[in-house]
Structure formats: structure tokens, C-alpha cells
Amino acid sequence: MAGFYEAIKKVEGIVYDIGTGSGILSAWAVPYANFIYAVEADSAVANKTRPFLNGFKNIFFIEGDARKVHFPQKADFIICEMLDTALIDEEQVPVLNSVLKYLKKNGDVIPRGIINAAEPVHMEAEHICYQENESSLHYIMGPLKVYSQYDFRTPINPLADFQLHLKIDTNGIFNGLKITSFTLITPKIICGPTPMLNPPLMIPTEKLRVKKGDVVKIKLSYQMGGGLNSVRIETEGIS
Ligand SMILES: C[S@@+](CC[C@H](N)C(=O)[O-])C[C@H]1O[C@@H](n2cnc3c(N)ncnc32)[C@H](O)[C@@H]1O
């Protein structure tokens, strides 16, 4: 939150806050922006946030799906914090892809982007899960490898398809992938995973006995915004 606060202190002109939720990011932008359009799709959330944001003269609150909103003014800044690990389970990518046509030529997006990295692991859980609790106990079997990086100022293909070559530095049973996302709130403010913001995602794979020096080949695909059911993983062998 401190990172977002620092970034929002730099906004000016017309600001959108897409997926405003509690409305806190819009409220922080009030002293810096000329005008803010705050959009929230969930009506239960909107009912709580509307009275709070209606108290600010330079915020216009819109209840609805941001992809269907016609904004009367282009944005200098788009705040869109629908983050989750690897952007799989939230609508950050489909929503931004739709709203970016309203961003002015030199406009900016907060957060600016995301970096995704993977590690080979031995994990206890047999199902895909976030590493928030004891059901996702694991140990790391090789170095963290960055496999994708996105800049939110340009449209992103939501269909992600990767071939990962992961080095192993521990003898044992490899049976999973740990994905960690790092958020570039701005190019200078990078936020790692926290239990609240993007806890690592643990994805089980086929079991393989591995030794130090092996490289495990994995095929990983998912749809950003498509939910955890869209995740497919295949172990293609060891070299
Ligand atoms: C992670 S929360 C954002 C929280 C918010 N930034 C805050 O600080 O409270 C994401 C929010 O985006 C909203 N949302 C998801 N899809 C949306 C869409 N298509 N249009 C508008 N809001 C959407 C959700 O209902 C949710 O409140």
C-alpha cells in the first residue's frame, strides 16, 4: 500500500481508478488529480464505496463493468489494481486491454507492469493453491527463473504459453512449480509477494526423481483473467 501511495502522489490531470474496491486509491489521488473516474463492477462493493467517494468533489463514481463504460474524457493516468499472481485469476488483463484506448498518448498506468518467475519445488499439496497456509508446504529445488514480463501501457495477449527450462540444484522428487509475481508499481517501486498482494501460486506437476545439475522441461499455459481452471502444466522431461 505504501508503494501505491508513493505512485499516486505523482498523478495529475484526468485519472481513472478501475476496480476501485474500497475506493482508497481514488481518495489518495484527490489532492493531485483534476478529476477521477472510479469504476466498480460488484454492486455489493459499490454500495459501500459510493457514499465514501461521493463525498469528494472531483470523483465521479460509476457502478459497472469498466469494459462497457464510455468515458467522456481520456485519462492521463489509469490506476488498475486487480492484481494476482501471474494475472490468472483477476481481470487485470482483459479490463486493461479494453480501457487502454482511453489512455492519452503519454499517459501512464499504475501499476506499470508485472514480472513473473518460476521455481521447481517439492510440494505437499496435490492441488493448485496459493502459498498462504500450511497446505502449501514445500521446499525449493532450483533457482528462480523469470519467464515473463509485461508493461501495462500496451495491450497484452491473455493467452500465455511458455516452455520453461528449470535448473535443479537439489537431489530429490520434483513435483511442482512455484510461481512468484513481482509488481512494478512504478519502474522504480517493485513490490514482491505478500499474503495479501499476490502470494506465490503452487502448481503440482507429474513426479520426477531429479538430481543436482538436471534441467526439467515444463510446458505451462494459462489464460490471464481466465481463472485457475485455465492453468495447464505438462512435464516434458529432464535433460
Ligand atoms: C483487488 S480489488 C481492488 C481493490 C482496490 N484497488 C482497493 O484498494 O480497495 C479488484 C476490484 O476490481 C473489481 N472489478 C473486477 N472486474 C471489474 C470490471 N470489469 N470492472 C470494474 N471493476 C471490476 C472487483 O469487484 C474488485 O472490487
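Me: Which residues do ring pairs link into a cluster?
Reply: This is a predicted model, so every value here is computed from predicted coordinates. A search of the whole structure finds 11 aromatic pairs. Ring pairs among these residues link them into a cluster, whose members are Tyr 16, Phe 35, Tyr 37, Phe 60, Phe 71 and Tyr 102.

Me: Are the rings of Tyr 16 and Phe 71 stacked or edge-to-face?
Reply: A pair of aromatic rings is described by the distance of the centres and the angle of the planes. For Tyr 16 and Phe 71 the centres are 4.0 Å apart and the planes stand at 15°. Planes under 30 degrees apart count as stacked, and therefore the pair of Tyr 16 and Phe 71 is stacked.

Me: How many residues apart in sequence are the parts that the pair of Tyr 16 and Phe 71 ties together?
Reply: Both Tyr 16 and Phe 71 are buried. Tyr 16 belongs to strand 1, whereas Phe 71 sits in the loop between strand 3 and strand 4, so the pair ties together parts whose separation in sequence is 55 residues.

Me: Are the rings of Tyr 37 and Phe 71 stacked or edge-to-face?
Reply: Tyr 37 is in strand 2 and Phe 71 in the loop between strand 3 and strand 4, 34 residues apart, and the pair links these distant parts of the chain. Both residues, Tyr 37 and Phe 71, are buried. The ring centres of Tyr 37 and Phe 71 are 6.1 Å apart and their planes are at 85°, so this pair is edge-to-face.

Me: Which strands stand at the edges of the sheet formed by five strands?
Reply: The five strands form an open sheet with parallel pairing, in the order 3-2-1-4-5. A strand at the edge has a single partner strand, so one side of it is left without a neighbour in the sheet, and this applies to strand 3 (59-63) and strand 5 (103-110).

Me: Which residue in strand 4 does Ile 18 stand opposite?
Reply: Strand 1, residues 14-18, pairs with strand 4, residues 75-80, in the parallel sense over four bridges. Ile 18 is part of this pairing, and the residue opposite it in strand 4 is Cys 80.

Me: What angle does the direction of helix 4 make with that of strand 4?
Reply: Helix 4, residues 92-99, packs on the sheet, where it touches strand 1, strand 4 and strand 5. The direction of helix 4 makes an angle with that of strand 4 of about 165°.

Me: Which residue in strand 15 is the bridge partner of Leu 220?
Reply: Another open sheet is formed by three strands in the order 10-14-15, and here the pairing is antiparallel. Within this sheet, strand 14 and strand 15 pair over six bridges. The bridge partner of Leu 220 in strand 15 is Ile 233.

Me: Is Ser 230 buried or exposed?
Reply: Ser 230 lies in the loop between strand 14 (215-223) and strand 15 (232-238). Not counting residues up to four places away in sequence, Ser 230 touches Ile 88, Ser 221, Tyr 222 and Gln 223. Its relative accessible area is 17%, and because the cut-off for buried is under 20%, Ser 230 is buried.

Me: Which residue has the backbone oxygen that the side chain of Ser 230 reaches?
Reply: A polar contact needs a pair of N or O atoms within 3.5 Å. The side chain of Ser 230 reaches a backbone oxygen at 2.7 Å, and that oxygen belongs to Gly 227.

Conventions
Residues are numbered from 1 along each chain as its sequence is written. This is a predicted model: local features need pLDDT of at least 70, side-chain atom pairs count only at pLDDT 80 or more; totals for chains, interfaces and linings use all residues. Side-chain values use heavy atoms; hydrogens and water are left out. Two strands pair if DSSP finds at least two bridges between them. Helices (H or I, at least four residues) and strands (E, at least two) are DSSP runs, numbered from the N terminus. Contact means heavy atoms within 4.5 Å. Axes are lines fitted to C-alpha atoms, for helices over the stretch in contact, and angles run from 0 to 180 degrees between N-to-C directions. Buried means under 20% relative accessible area, exposed over 50%, partly exposed in between (1.4 Å probe, protein chains only). A polar contact is a pair of N or O atoms within 3.5 Å; within protein, one must be able to donate a hydrogen and the other to accept it, and residues adjacent in sequence count only if both atoms are side-chain atoms. Rings of Phe, Tyr and Trp (its six-membered ring) pair if their centres lie within 6.5 Å; planes under 30 degrees apart count as stacked, over 60 as edge-to-face and the rest as tilted.
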